[in-house]
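The sequence and the model are shown first.

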Amino acid sequence: MDRWPEVVRSIRFRFAVLYSVVLFGLASLVVGGLYIGLRSALREEPVAHGFAARGLVPGPDGRLRPFVLTDYRDFERAVNERTLDQLRRLSFGALGGLFVASLCVGWVISGRVLRPIGRITNVARDIQAADLSRRIQLDGPEDELKRLADTFDEMLGRLEGAFNTQRQFVADASHELRNPLATLRTNLDLVPDAPTPEESRALLAAAQRAAERMSRLVEDLLVLAREGTPAELRQPVDLAEAGGQVVEEFAARAATRDIELRGPSGAVTVTADPDAVKRALANLVDNAVRLAPEGSAVDVDVGTNGAWAWMAVSDTGPGLTSDDASHVFDRFWRADTARTRAGGGAGLGLAIVRQIAESHGGAARVFTNGRGSSFVVWLPLGSQTGIPPGYSPVTVRDATA
């Protein structure tokens, strides 16, 4: 098969041959049926059975007697046989010509039918990873080829978005790593020339803080990479118990800023990755403890609403603007760059929260007003799929309490 010419191995040639074979087969059945039917009809009682040329001849006794001069049945039989032979030859010739003509017609038709596929192939061949802006934009009726081209265009759109996100992510990660790395190198270079031990210790402390920040950033990047894969560990998790453990871990840090950190009550069980659930809660609490005003309160709560479970972290800070709320879960996004950097954040904590929620079939949302913000993570109670509620369960619960 591989040694055959390329044109013979093409799908266009095979389509043309298939078209020709099918048409030839149908024509053969029709012609064969006509031939067999005509032959059967001609072999029935001859038409010339009642016709003959008769005359009178004298008999031995001298009287005239009737005599059949010619019987037309033999003549009719010969004519029928010759007609059938001629029909057979003409039929074979017509079928042969039809086969050749159908190959040509099939070749032309297959070329027109497969032309959109050739266009799709050319676009796919011209596309490069650096430029995914090409589209097929196939015109015509809403048939299978049009749907294929539209699906391919949609796939290219998703790939372009994914590549742009990855490119932006790599650029942001490189920028975030460059700053602490430069700080680390600068302070370490100045340590040998420090005039006093106090200045040396100050430079080493600054270098240590930069190294710790870089370490947290790398850890967050690894978490994002792991959360992009399907979760391997799913087991029953008590959200209230997980929230209580996170509150205990952050209690000392909250006390240093005079923040009252209040844990959840009740019991809500979901099937999830326990480490991922604790990581999401820890990131939310960490943001709240770092950014909430001193002397305020941070509440960690859990609950259920229909087929969904939720866990929420609320504070009484200044809240977020509507524009900030729409970007708060983006990677490396900061509402206040200077304040967030000083607090040690890399802008990945909330992105990790959203990715954890979505990997479990849920969603992460933020609700804000002039009296603070509430970050809510929705998780499905069962195996159902759908869109989580779009309102804050904390507000609804407080209103009905």
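## Packing of helices H7 and H10

Helices H7 and H10 cross in the left-handed sense, where left-handed means that the near helix is turned anticlockwise from the far one by less than a right angle, and right-handed that it is turned clockwise. Helices (H or I, at least four residues) and strands (E, at least two) are DSSP runs, numbered from the N terminus. The axes of H7 (residues 274-291) and H10 come within 9 Å and cross at roughly 145 degrees; axes are lines fitted to C-alpha atoms, for helices over the stretch in contact, and angles run from 0 to 180 degrees between N-to-C directions. On the H7 side the contact is made by Ala 276, Arg 279, Ala 280, Asn 283, Leu 284 and Asn 287, and on the H10 side by Gly 349, Leu 350, Ile 352, Val 353 and Ile 356; contact means heavy atoms within 4.5 Å. By class, this contact comprises 7 nonpolar, 3 polar and 1 charged residues. Ala, Val, Leu, Ile, Met, Phe, Trp, Tyr, Cys and Pro count as nonpolar, Asp, Glu, Lys and Arg as charged, and the others, Gly among them, as polar.

Helix H10 (residues 349-359) has 8 of its 11 residues buried, so it is largely enclosed by the rest of the structure. Buried means under 20% relative accessible area, exposed over 50%, and partly exposed in between (1.4 Å probe, protein chains only). The buried residues of H10 are Gly 349, Leu 350, Ala 351, Ile 352, Val 353, Gln 355, Ile 356 and Ala 357. After H10 comes Gly 361, which has a positive phi near 85 degrees.

## Basis of the model

The model is predicted: local features need pLDDT of at least 70, side-chain atom pairs count only at pLDDT 80 or more, and totals for chains, interfaces and linings use all residues. Residues are numbered from 1 along each chain as its sequence is written, and side-chain values use heavy atoms, with hydrogens and water left out.

## Overall composition

The protein chain contains 11 helices and 9 strands. Of its 401 residues, 34% count as buried. Among contacts between residues at least 6 apart in sequence, 68% join residues at least 24 apart.

In strand E9 (residues 372-380), 9 of the 9 residues are buried, so the strand is largely enclosed by the rest of the structure. In a regular strand the side chains alternate between the two faces of the sheet. Gly 372, Ser 374, Val 376, Trp 378 and Pro 380 point one way from E9, while Ser 373, Phe 375, Val 377 and Leu 379 point the other way. Strand E7 (residues 308-315) pairs with E9 in the antiparallel sense over 7 bridges, pairing being assigned if DSSP finds at least two bridges between two strands. Ala 312 has Val 376 of E9 as its bridge partner.

Phe 375 lies in E9 and is buried, with a relative accessible area of 13%. Leaving aside neighbours within four places in sequence, Phe 375 is in contact with Leu 284, Met 311, Ala 312, Val 313, Leu 320, Val 328, Phe 329, Leu 350, Arg 365 and Val 366. Phe 375 and Val 285 are 90 residues apart in sequence, and their C-alpha atoms are 9.7 Å apart in space.

Ser 392 belongs to the loop between E9 and helix H11 (393-400). Ser 392 counts as buried at 6% relative accessibility. Residues up to four places away in sequence not counted, Ser 392 touches Phe 367, Ser 374 and Val 376.

## Nonpolar cores

A nonpolar core is a set of buried Ala, Val, Leu, Ile, Met, Phe, Trp, Tyr and Cys residues joined through side-chain atoms within 4.5 Å. The largest such core has 41 residues, of which Leu 239, Leu 261, Val 277, Val 285, Met 311 and Val 313 touch the most other members. Helix H6 (239-256), strand E5 (269-272), H7, strand E6 (297-305), E7, H10, strand E8 (363-369) and E9 each supply at least two residues of this core. H7 gives the most, with 9 residues. Apart from this core lies another, of 9 residues, among them Ile 120, Ile 136, Ala 149 and Phe 152.

Glu 248 is placed in H6 and counts as exposed at 63% relative accessibility. Asp 258 is found in the loop between H6 and strand E4 (260-262). Although Asp 258 is not a glycine, its phi is positive, at about 55 degrees. Asp 258 is exposed, with a relative accessible area of 57%.
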